[in-house]
Each structure stands twice: as C-alpha cells, then as structure tokens.
Amino acid sequence: MKQVAADPYTWPYDGPVDPARTALVCIDWQVDFCGPGGYVDAMGYDLKLTRAGLEPTAVVLAAARAAGMMVVHTREGHLPDLSDCPPNKLWRSKRIGAGIGDTGPCGRILVKGEPGWEIVPEVAPIAGEAIVDKPGKGAFYATNLDLLLRVAGIAHLIFTGITTDVCVHTTMREANDKGYECLLLEDCTGATDYGNYLAALQMVKMQGGVFGAVAPSSALLDAMEAA
Amino acid sequence: MSTSPYPWPYGGTLDPRRLALVVVGAQGWWAARTIDPEAALGALERAAKVVRDAGGTVVVVRKAGADDSIFDPEVVDLTVECAGMSGFSGSSLDLHLRALGCDHLAVGGLGLETAVYSTMSGANDRGYEALALADAAAPHDRAVGERALSSITMSGGIFGAIGTTSDLLELLGKEQP
C-alpha cells in the first residue's frame, strides 16, 4: 500500500495507508436516506443524488474487506417511543411532511427496526462488522464509536455515505476534532442538493485541509493495490 | 421575522433567560482567514449587549492553546475553551449551557463553514434549538459560505434555522442599537 493521491494533500499525512490502523466508515446508507419511500424520498428530494455513491462504495467495501480493514456502518434512528428524539427535530420533520415516527411506505420514519431504517442491500454489513446506531447526525455523539475505534487501534478514517453536508460532515468534523486523520471519498457520497454536495467537499479542503482530505475512490484503490 | 426555513424558535416564543449567544472563532487564526471579520464581530458585540440586557447569556468559546480572543470582554459573561472546530469538542460548553438553563442558542463568529457550522451541528445533536446568525458569521469564502447556510436550511432545518442579528433583536423586542 502507499499514500492516496488526495486533495489538498497526499493522504494520510503520516505515510502509506496502514489497513491495521485504518477504518472504512460508511455513514447512513439506509433506505430512509436513499431508498424509495424513505424519509428523504418523503421530503421530495431527488434520490438519484443520494444513491449516486452506492456503486463505488460497494467496490471500496469489497477492497477494504479483502485488505482486512475495519469496517464500521452507522445508522440514524430513534427508539420506537421517540424518547431519544429531541422535540425540535420531531417538530421540524412533521412541518416538512416527513414526521419522524409517522408511518410511510417503509414503516415508521427514522425508527429503529423499521424497514426504512435498514441499510440498503448494495452496501449492507456482513457478519463481524461494527454497526453504530446514533440518534443524531454525528456518529460520535451518544455512541460508542470512539471507544470501538480506539480499542481497535484505529487512527485513520475513510468516509463514504450520505448525506455529505449533514451526517458525513458532522461525523468527519467530530473525528477531526478528536484527532483522527480523515479522508472523504468524493464519489462515494451525495447530498440532497448537488451544489451543497460540492461545497461540502470544498469545506473539507479549505485552509490546507481543515477537516482532512478528499479523493476519488479510484485513488484509494490505486494506493491499496500498490505493492 | 425572516428566519429560514421556519420562524425561529420552533416553540414560537423565546424566553431570553433560556437564550445564549454563542460566539465561536473570534481568534487570530480565523480573523486571518475570513472575509470581513470586523463586520461580523461588530454585529455580534451589538447583539451581545441586547441579549444581556434582556436576561440572556453571552458565551465565548475559545480554541485552547491560543489566548488571543478578539471579542470585546466587556460584553462576555462566560468564556469556555474547546479542543476543536466545534464549540462542543472537548469543552464544558454543554455542561455550562445546561447549568444556565439555556436551551436556545444564537451562534455567530468567524468561520461560517468551519467553527460556526460545526457548532451548529453539535448543538443540534444535543437537542439545542439553534439559530445561525448569517450577518454575524464571517465566511472563509463567500460562495461556500452561502452553501453552508443553505445546508442548514435543508430538510426543514437540519441543524436549526438561519437569520440575522436584527431578527434576533426583533425577537427580544429591541431594534438594532
């Protein structure tokens, strides 16, 4: 393995990709965010935008598994009684016509255990992979993600997932604040607005890589294939 | 009220005693890397006086390691240190706000796409009802900053709402001083 040709710097900053110290973090590839009848669909956004990264993410997942890299999947969702859903979040969702806990074509929106809450089959977890359930946008808040990564000796994180400007950014920013070295795969993510997706990529790269670096998945695969 | 995408705050009324004005990024690193930081800080300092007079709390969050706050200390009730871009990272901000009974936050400062955005998303996950002050949040890049504001308003207000210091003062029953 070698370093990844990323922007604004060759990633990671401290040498070649080390599969033993690197985790692939797949954020919220759930039906609610990229499947027909889910939460994002109910709000009227174009699912093509949030589904765009599925195929390249499946390829990266296979490569990470083959390399023995730790894989973490995250899911956003609430307890069936919504006792872990802040009232303002609930209010906003109802106001836009996609109320958390309301019944839709994929079951109750953003509720644990419902069909809409499941990860889509293209990038579904396999046995032995970590799954982190989170009540909010960031995967470090009110979860054991930091502990899982530290116990596994992980210092570097590679991100795929949706949506770029919300759950991916919040999690990547939390990770960066905690000292993890982060890479976002630009073709393995998407947002509900294409311009906001592009800006979110730009935000990572500002000021010399204020939240880490960005690369196409092909650059990661090249680095992983290198002898 | 012209806050977007909904009239902030969500409950309809604002109790000023439950409001904290949270100032982030008011330090040299951000001042050197943002557009017109003086305008943002000026708007925040004017708003800070009104928030205080109304019974609210003014909190400055300072990145640890550099004792170079450029926010007028005369209008600051509390200074908290943090360890990252988000005011909630490695800081006592959450604890302080809970102890003060402040569950409504107006967030501004330097670095709309960095410190302000991270603090808005951190606040939202913790259940705070947050308003990003667009005229008091200096961007690193104007176009990217506009997108950061747009992202906040997606999905019915994914991290809360956006508005201006004038909107906030109107809510507090005051005209811009």
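Some conventions to begin. Residues are numbered from 1 along each chain as its sequence is written, and chains are lettered from A in the order in which they are written. In this predicted model, local features need pLDDT of at least 70 and side-chain atom pairs count only at pLDDT 80 or more, while totals for chains, interfaces and linings use all residues; side-chain values use heavy atoms, with hydrogens and water left out.

Cavities, then. A cavity is a set of points, on a 1 Å grid over the protein atoms alone, where a 1.4 Å probe fits but cannot get out; lining residues have an atom within 4 Å of a point. A volume is the space filled by probe spheres set on the points. There are three cavities of 30 Å³ or more.

The largest cavity has a volume of about 90 Å³. Its lining includes A:Phe33, A:Met43 and A:Cys167, and also B:Met154 and B:Ile158. Helix 2 (39-42) and helix 7 (164-177) of chain A each supply at least two lining residues; helices here are DSSP runs of H or I with at least four residues, and strands are runs of E with at least two.

The second largest cavity holds about 70 Å³. Among its lining residues are A:Lys89, A:Arg92, A:Ser93 and B:Asn124. Helix 5 (residues 87-95) of chain A gives the most to this lining, with three residues.

Next, aromatic rings. Rings of Phe, Tyr and Trp (its six-membered ring) pair if their centres lie within 6.5 Å; planes under 30 degrees apart count as stacked, over 60 as edge-to-face and the rest as tilted. Over all chains there are eight aromatic pairs. One of them joins A:Tyr194 and A:Tyr197: the ring centres are 5.4 Å apart and the planes at 35 degrees, so the pair is tilted. Both residues lie in helix 8 (residues 194-209) of chain A, three residues apart, about one turn of the helix. Elsewhere, ring pairs link A:Trp91, B:Tyr6 and B:Tyr10 into a cluster.

Last, the sheet. Two strands pair if DSSP finds at least two bridges between them. In chain B, six strands form an open, parallel sheet in the order 3-2-1-4-5-6. Strand 3 (78-82) and strand 6 (161-163) of chain B each have a single partner strand, so one side of each is left without a neighbour in the sheet. Strand 2 (residues 57-63) of chain B pairs with strand 3 over five bridges, and B:Val59 has B:Leu78 as its bridge partner.

Conventions:
On a 1 Å grid over the protein atoms alone, a cavity is a set of points where a 1.4 Å probe fits but cannot get out, and a pocket is an open set with protein on both sides within 12 Å along at least five of seven lines; lining residues have an atom within 4 Å of a point.
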